Structure formats: structure tokens, C-alpha cells
Amino acid sequence: MPEPAPAPASAPDPAAPEPAGAPGTPGERKPRKDAVRNRAAALAAADTLFAASRSPEDVTMSDIAAEAGVGKGTLFRAFGDRTGLIRALYGTRLAPLMAAVEHGPPPLGPATPPLERVPALLDALLCFKFDNRHLALALEGTGADSPYRTEHYDRWHAMLRDLLLRTPAAAGSDFTAHALLAATRADLVEHLAGEKHTSRDELRSQLADFTGRLLDTGSQPGTAPRE
């Protein structure tokens, strides 16, 4: 169960931003150095604890605060709640991939033909989930007990659906996008990698085969997209 946020303390909040119009930042709110430092410590602590835990649900805000060496109230003021902290950490890790997807060159960038971009996007997402599966599991567990109720899922689904509309798999593109994303779910990746000991390269190869069959591209079996 989510931990209740503590009542605001009467002492000044060390994580609070400076007032608007502070010297050197006219009309802006600039986080104080200790707030920035506390935020970085909290994100690093959460990353460590999620990676070491048997289940993401085992990690509480109290655990993260203790590991980071900050008060629990500081975490709630900085991130709102546990879900907000997980989203912030996930967003920090995902930012380089999203930059490549939104503005980068082929095969991930928007100028890539759909039949090349769809497999490349799924391969990149699978690799991200594999390398960060402790964090991906934690985030997927915040969607009201459903990974489909998270903002990041909606974004990836919409992008794949729109690309699929421009391929031979255009019919039923909404469902096909769901089916493709299901193959990259964090719980499936953890099951295959953690329990079945399937290697990263083997997972990539299997996903490439699956995607190629759905897109009917005639891709060579067992060939993963290049990094």
C-alpha cells in the first residue's frame, strides 16, 4: 500500500525552490543546491534498492529516504509520492533513448521508413527493459495494477500504431501495436532473462523474428536489428 505523505513541517523546506524573482533569476524559480543534491541522492538510492530487491513492492519511501540519507518528507515534497519518484528515475534513464527516437538519425529517428523503424524501436525498447528491468518492473507496477495504465505505455503504443498504419500490417494496427509491446513487457523480460536465463542477444533475435512475421517483411530468421 502507498505510504501516506507526512504533514508539512513548520521548519523551512530545504527542497523548496527559491522564490520567483530571486537575485540572478528574474521571474524564475531556481532549485537550491541542497534540493538538487537531495534529489540526485534519492534517485541513486531508489535505483540501488530496486536493483537489489526481490520485488519492487518491497521498496518503500522510508527505505529510499534512509538509503539516501534524507528525511522522508523531503522525498514527498520533491516527487509527490512513490510513483512520482519512480517516474522521475525512469524518465532520467529513458531520456537518451527518447531523444534518439524523437530527433535522432535512422534507424530510430522519425525519418526512418516504417518497416525499418518499427523493428528498431522494439529492439531498442527491449534492450532498455533488459538493462533496466528492475526499474521497468517498478514503473509497470504503478499503473493501478496494470502496466497499460501508464503514460509511457500510451506513448509507445500510439507511436507504433501510427507507424503500422503505413505498413502491410495496417489492418488492426491498434491491436498489433499492443501485441508487439507485450513482447517487451518488463515482467516477461524478467521471466525470460532472470528465470529462464535467456540471453540478451537471444531475446533480441526472437523479437526480430516475431516482428518480421507480423510485418510480413521476409526478414531472415534469427537476425536482430543492428545496434
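**Close-up views of a predicted model**

**View 1. Histidine 134 in helix 6.** Histidine 134 counts as buried because its relative accessibility is 18% (buried means under 20% relative accessible area, with a 1.4 Å probe and protein chains only). Histidine 134 lies in helix 6 (helices are DSSP runs of H or I, at least four residues, numbered from the N terminus). Leaving aside neighbours within four places in sequence, its contacts are Asp47, Phe50, Ala51 and Pro56 (contact means heavy atoms within 4.5 Å).

The model is predicted: local features need pLDDT of at least 70, side-chain atom pairs count only at pLDDT 80 or more, and totals for chains, interfaces and linings use all residues. Residues are numbered from 1 along each chain as its sequence is written, and side-chain values use heavy atoms, with hydrogens and water left out.

**View 2. Packing of helix 1 and helix 3.** Helix 1 (residues 33–52) packs against helix 3 (residues 72–79) at an angle of about 100°, and their axes are 11 Å apart. Helix 1 is therefore roughly perpendicular to helix 3 (65 to 115 degrees). Helix 1 contributes Asn38, Arg39, Ala42 and Leu43 to the contact, and helix 3 contributes Thr74, Leu75, Ala78 and Phe79.

**View 3. Surroundings of leucine 75.** Beyond neighbours within four places in sequence, leucine 75 is in contact with Ala42, Met61, Ile64, Ala65, Val70, Gly80 and Leu85.

**View 4. The buried face of helix 9.** In helix 9 (residues 186–195), the buried residues are Ala186, Val189 and Ala193. Seen down the helix axis, these buried residues fall within an arc of 60°, so they line one face of helix 9 (the arc is that of the directions from the helix axis to the C-beta atoms). Their cover includes helix 5 (114–131), helix 6 (133–140) and helix 10 (200–215).

Methods
Buried means under 20% relative accessible area, exposed over 50%, partly exposed in between (1.4 Å probe, protein chains only). Helices (H or I, at least four residues) and strands (E, at least two) are DSSP runs, numbered from the N terminus. Axes are lines fitted to C-alpha atoms, for helices over the stretch in contact, and angles run from 0 to 180 degrees between N-to-C directions. Angles under 35 degrees count as roughly parallel, over 145 as roughly antiparallel, 65 to 115 as roughly perpendicular and the rest as oblique.
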